[in-house]
Amino acid sequence: MRYSGLKVITEGLFGNKGWKPAWRDPAPKAEYDAIIIGGGGHGLATAFYLAKNHGLTNVAVLEKGYIGSGNIGRNTTIVRANYFLPGNSEFYSHSLKLWEGLEAELNYNVMHSQRGLINLFHSDGQRDAFARRGNAMINQGDDAILLDREGVREHLPYLDFEQTRFPIYGGLLHPRGGSARHDAVAWGYARGADRRGVDLIQNCEVTGIDIENGVVKGVQTSRGAIRAKKVAIIVAGRSSQVAAMAGMRLPIESHVLQAFVTEGLKPVINHVVSFGMGHFYISQSDKGGLVFGGDLDFYASYASRGNLPMVEHVMEAGMTLMPMIGRAKVLRSWGGIMDMSPDGSPIIDKTHVEGLFIDCGWNYGGFKAVPASGWCMAHLMATGESHEVARKFRLNRFATGHLLDEEGTGSQHNLH
Amino acid sequence: MRLKCPLCGERDRREFHYYGAEDYLHRPEVDAEPAAWDNYLHLRDNPAGMTRDLWYHEAGCAQWLLVTRNTVTHEISAVELVAERAK
Ligand SMILES: Cc1cc2nc3c(=O)[nH]c(=O)nc-3n(C[C@H](O)[C@H](O)[C@H](O)COP(=O)(O)OP(=O)(O)OC[C@H]3O[C@@H](n4cnc5c(N)ncnc54)[C@H](O)[C@@H]3O)c2cc1C
Ligand SMILES: [Zn+2]
């Protein structure tokens, strides 16, 4: 069923009785050409582009819970292309371009809103670093504007400019940055993949990977064995467990990241704003809730909830930056399990097992990467070659010393 | 979350700085193979369940602690001094 404005109006007139489920609920077949383990944003996008770009439709996505139960439905939805290092820069630039055509491509309203992202800076040194980053973004073909303090005041008059600890010197504005509705991205890709023939199999946990003489043969699941010549591991925070089924030890440590949302308010925050010194960032959802978050809880964790010290820290940072939000009531907080890599950059690569691929290491920036990750992973699985914008995301770069440490914080998983 | 430091007793999580997995205690020799360094710096078992990792009692006795805990429940079952262990 194609969605359209006309369809919404006619359904509204006739009691909304004509809507159909957005995707089928098939039983797993005995064999597929390709299996994707993990029905998060990256797994679904990979399935979609395998079908759309490469004509591979005999594909199954195996999800242990339900579509959207992982980080794809838990993140704070910032979409941006403000990376600096060659390797990252072209990849996120490609992703942002895909975002800009995504709704038409999927025939689905993902509420992508390019409201502008402002990263604040608080010292001369930080200004220099941001100017340099802005130039790198412009060289990549994306947009960046360096704002001084008055420039920031024009956009964000409600900030506390007089604070003494971290006075605001200015900000880097990325006008094409913004946000989107996370669930809709999962649902849009799921529906698009399903319509092209991909089987989305929920409540199907992969418990083993079958390998014979170094070649992948299929997987064992809670719903029986399924054969396939190509298998992709795309399970975010659970990457280490699934890769261990193929005898791999990954450069990944799982950490919990929290997020918060307030009651719905009238429009007050028009941009996405980040306050690096206080570890705080915020935007307002289309429903009106202020959506905000901060840093990791910092210790390895698989609990999808956080600890109170980070709650307190995030609230303090928010109050330091914009005291006006102090009376908003926080409705909910939650956590998601992040696949942290030692350099903060992802992995899209083959493995030592023929036919087995891996896509992981998204840290806390994997939402904006969903379109390009799916695009490049599908390219790799279909052609056997890395896509040109993902060619540096190699699994062996840690062993060879070719790290992509965007923030320059060193080889420690929780510092990115 | 609270950790029971062997020297200071039970203290709030905020007094401690987290470093990472126990692997950091097994530093290779300077002339070891690159694979050994990769193993030490980057590769992790990353268990969902019992793990052992290093915490520093920053706002307390300034000792490095080896903590045995569960990454799913956040339950802590043992805290030892790294200095004692190295003997
Ligand atoms: C609080 C928070 C805020 C964030 N904010 C942002 C942001 O503002 N911008 C941004 O770009 N990124 C952000 N991120 C990061 C982003 O959400 C993730 O990097 C990204 O969603 C991870 O990829 P995914 O969608 O495929 O993961 P997931 O949705 O977690 O998908 C992985 C799936 O694999 C399934 N799975 C696991 N094991 C198995 C198995 N054995 N068998 C079958 N299935 C299995 C899981 O059930 C899960 O559904 C944030 C994350 C969090 C938690
Ligand atoms: Zn102590």
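Residues are numbered from 1 along each chain as its sequence is written, while chains are lettered from A and ligands numbered from 1 in the order in which they are written. In this predicted model local features need pLDDT of at least 70, side-chain atom pairs count only at pLDDT 80 or more, totals for chains, interfaces and linings use all residues, and side-chain values use heavy atoms, with hydrogens and water left out.

Student: Which strand of chain A gives the most to the shell around ligand 1?
Tutor: A residue is near a molecule if one of its heavy atoms lies within 4 Å of it, and 38 residues are around ligand 1. Helices (H or I, at least four residues) and strands (E, at least two) are DSSP runs, numbered from the N terminus. Helix 2 (41-54), strand 12 and strand 16 of chain A each supply at least two residues of this shell. With three residues, the largest share comes from strand 12.

Student: Which side chain has an N or O atom 2.6 Å from an oxygen atom of ligand 1?
Tutor: A polar contact is a pair of N or O atoms within 3.5 Å. Backbone atoms reach nitrogen atoms of ligand 1 from K64(A), at 3.1 Å, and from V206(A), at 2.9 Å. The side-chain contact at 2.6 Å, to an oxygen atom of the ligand, belongs to E63(A).

Student: How many residues lining the second largest pocket are polar?
Tutor: On a 1 Å grid over the protein atoms alone, a pocket is an open set of points where a 1.4 Å probe fits, with protein on both sides within 12 Å along at least five of seven lines; lining residues have an atom within 4 Å of a point. The lining has 25 residues, with R181(A), H182(A), S285(A), K287(A) and V291(A) nearest the centre. Ala, Val, Leu, Ile, Met, Phe, Trp, Tyr, Cys and Pro count as nonpolar, Asp, Glu, Lys and Arg as charged, and the others, Gly among them, as polar. Six are nonpolar and six charged, and the number of polar residues is 13.

Student: What is the order of the elements of chain B from the N terminus on?
Tutor: Chain B holds two helices and six strands. Its order is β-β-β-α-β-β-β-α.

Student: Which residue of strand 5 of chain B stands opposite T51(B)?
Tutor: Two strands pair if DSSP finds at least two bridges between them. Strand 4 of chain B pairs in the antiparallel sense with strand 5 (residues 64-70) over seven bridges. Opposite T51(B) stands R69(B).

Notes
Polar contact = N/O pair within 3.5 Å; in protein donor to acceptor, adjacent residues only side chain to side chain.
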